[in-house]
Amino acid sequence: MDTMKKDPVCKMSVDEDEALSTECDGMVYYFCSEGCRDVFLRTKACKLPRTSYDLIIIGGGPAGMTAGVYAATLKMDALLITKDLGGQAIDSTKIENYMGYDFITGPELIEKFKYQLIHSYYLNHLMSEVERIESAGGGFLITTSELKKYFARTLIIATGMSRRRLGVPGEEKFQRKGVFYGNIQDVSFVQGEDVAVVGGGNTALQIVENLHTVARKIHLVSTTQLTADPAVIERVRGFRNFHEYTGYNVVEFKGDATLSGITVRKKAEKDELHIPVKGVFIAIGLHPNSSLVSHLVEINERGEIVIEPDCSTSRRGIFAAGDVTNAFGKRIIIASGEGAKAALAARQYVLGLRRKSS
Ligand SMILES: Cc1cc2nc3c(=O)[nH]c(=O)nc-3n(C[C@H](O)[C@H](O)[C@H](O)COP(=O)(O)OP(=O)(O)OC[C@H]3O[C@@H](n4cnc5c(N)ncnc54)[C@H](O)[C@@H]3O)c2cc1C
């Protein structure tokens with residue numbers, strides 16, 4: 001029986017066996033935290049959902065979640081809107097470079113971040129996708145995918161990066177039916193099967209390392225020579241089930257209901273090769289999710305939001321943090337630090353606005 005319910009306040013999926021609940025008007029409601037339950041009861045009492053905040057943080061990866069915890073500890077009137085909690089960090093199978101932990105997995109670290117955000121310090125949050133940002137009334141108007149509108153005096157953009165796609169026939173059709181992006185936690189469906197990994201960097205080779213005891217054959221398809229760390233390349237080339245196709249492009253994904261193979265072609269050659277595989281893991285890099293504000297702030301040639309040392313952007317009132325910015329180093333600890341800085345700076349900005357209006 002499906003025991004998953006939606007928290008009516010933040011829209012997060014929660015398990016009814018574990019979640020906090022409240023009975024109201026003959027209905028039982030389930031919540032991710034005491035904070036959301038309080039918001040629900042308060043909203044029921046005054047009958048008006050809140051849509052206006054001093055600060056709205058967009059993105060719930062390490063940068064956005066840290067900005068959120070800082071905003072909560074600074075007692076800011078803030079809302080975090082995000083498609084998910086964790087961002088890219090949730091995909092990391094081993095984190096060995098986050099202070100305080102010799103080793104921790106992405107999901108474990110994110111669980112701790114999440115606990116701080118919604119239990120230790122409660123911050124208003126909404127699981128949704130922001131589709132549009134416009135400037136309005138001395139602040140910013142945000143429209144979500146459900147066409148709900150929210151107003152904020154200041155914003156922190158922490159939308160991170162997304163995986164690049166190949167853009168070839170069949171890629172959309174077989175997404176999650178054999179085609180995956182980056183590392184995934186559960187690879188049991190390719191146990192004893194042939195698989196392909198696309199890419200030649202550290203992420204692609206980390207996937208090969210994760211798969212080499214699970215899959216039968218691993219075909220690595222890379223358009224260029226491998227760019228991963230030499231020690232990793234050497235280790236991977238020693239795997240007996242590893243087959244390398246360097247200088248090849250994937251030109252098509254094939255199958256019926258699920259993926260059955262890929263077609264590859266060597267660069268500048270006509271002949272195509274069909275490789276039967278049950279799963280393909282694509283790791284060809286990431287691009288910054290900056291399009292939401294590209295009409296409002298300065299963006300550099302890599303598509304990153306240009307920020308000052310205090311995370312301010314070229315537009316007053318818009319701050320940005322983490323992988324979506326031109327801050328040096330795409331790491332969890334750096335994104336978190338930048339998120340903290342952005343929250344401190346946003347608070348200064350809001351206090352400045354208050355001083356002006358009093
Ligand atoms: C496989 C893998 C392994 C990694 N391993 C490590 C490691 O071991 N150590 C390390 O330090 N770093 C590692 N990294 C890098 C690290 O995960 C990133 O640097 C970090 O997650 C960046 O954080 P961020 O918050 O800036 O962005 P992200 O983590 O990208 O988070 C962005 C958030 O914004 C949300 N979002 C985007 N657009 C919208 C929208 N329109 N509306 C609402 N929400 C939106 C997303 O859903 C997401 O929650 C790894 C990355 C990957 C992919």
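The centres of domain 1 and domain 2, taken over C-alpha atoms, are separated by 34 Å. Domain 1 covers residues 50-163 and 287-357, and domain 2 covers residues 179-284; these bounds come from an automatic or database domain assignment. The contact between them (heavy atoms within 4.5 Å) takes 5 residues from domain 1 and 7 residues from domain 2. The model is predicted, with local features requiring pLDDT of at least 70 and side-chain atom pairs counted only at pLDDT 80 or more, whereas totals for chains, interfaces and linings use all residues. Residues are numbered from 1 along each chain as its sequence is written, and side-chain values use heavy atoms, with hydrogens and water left out.

Helices (H or I, at least four residues) and strands (E, at least two) are DSSP runs numbered from the N terminus, and two strands are paired if DSSP finds at least two bridges between them. An open sheet of 5 strands has the order β12-β19-β13-β14-β15, with parallel pairing. At its edges stand β12 (179-181) and β15 (242-246); each has a single partner strand, so one side of each is left without a neighbour in the sheet. From one strand to the next the twist averages 20°, where axes are lines fitted to C-alpha atoms, for helices over the stretch in contact, and angles run from 0 to 180 degrees between N-to-C directions. Strand β14 (residues 218-222) runs parallel to β15 and is joined to it by 5 bridges. In this pair, S222 is placed opposite T246 in β15. Helix α4 (residues 202-211) packs on the sheet and touches β13 (195-198), β14, β15 and β19 (279-282). The direction of α4 makes about 160° with that of β13.

A further open sheet consists of 3 strands in the order β16-β17-β18, and its pairing is antiparallel. The edge strands, β16 (248-255) and β18 (272-276), each pair on one side only. Neighbouring strands of this sheet are turned by 25° against each other on average, direction ignored. Between β17 (residues 259-266) and β18 there are 5 bridges in the antiparallel sense. T263 lies opposite H274 in β18, and R265 lies opposite E272 in β18. The hairpin of β17 and β18 has 5 residues between the strands, and A268 there takes a positive phi near 65°.

Another hairpin is formed by β8 and β9. Strand β8 (residues 130-136) and strand β9 (residues 139-144) run antiparallel and are joined by 6 bridges. A136 faces G139 in β9 as its opposite residue. This hairpin has 2 residues between the strands, and G137 takes a positive phi near 50°.

A cavity is a set of points where a 1.4 Å probe fits but cannot get out, and a pocket is an open set with protein on both sides within 12 Å along at least five of seven lines; lining residues have an atom within 4 Å of a point. Grid points are joined across faces, edges and corners, and a volume is the space filled by probe spheres set on the points.

The second largest pocket holds about 660 Å³ of space. It is lined by 25 residues, of which V9, V39, T43, P49 and R50 are the closest to its centre. Two or more lining residues come from each of α1 (34-46), β7 (124-127) and β10 (149-157), and α1 gives the most, with 6 residues. By class, the lining of this pocket comprises 13 nonpolar, 5 polar and 7 charged residues. Ala, Val, Leu, Ile, Met, Phe, Trp, Tyr, Cys and Pro count as nonpolar, Asp, Glu, Lys and Arg as charged, and the others, Gly among them, as polar.

In the whole structure, the search finds 1 cavity of 30 Å³ or more. The largest cavity holds about 30 Å³ of space and is lined by I95, N97, Y98, R331, I332 and I333. Its lining has 4 nonpolar, 1 polar and 1 charged residues.
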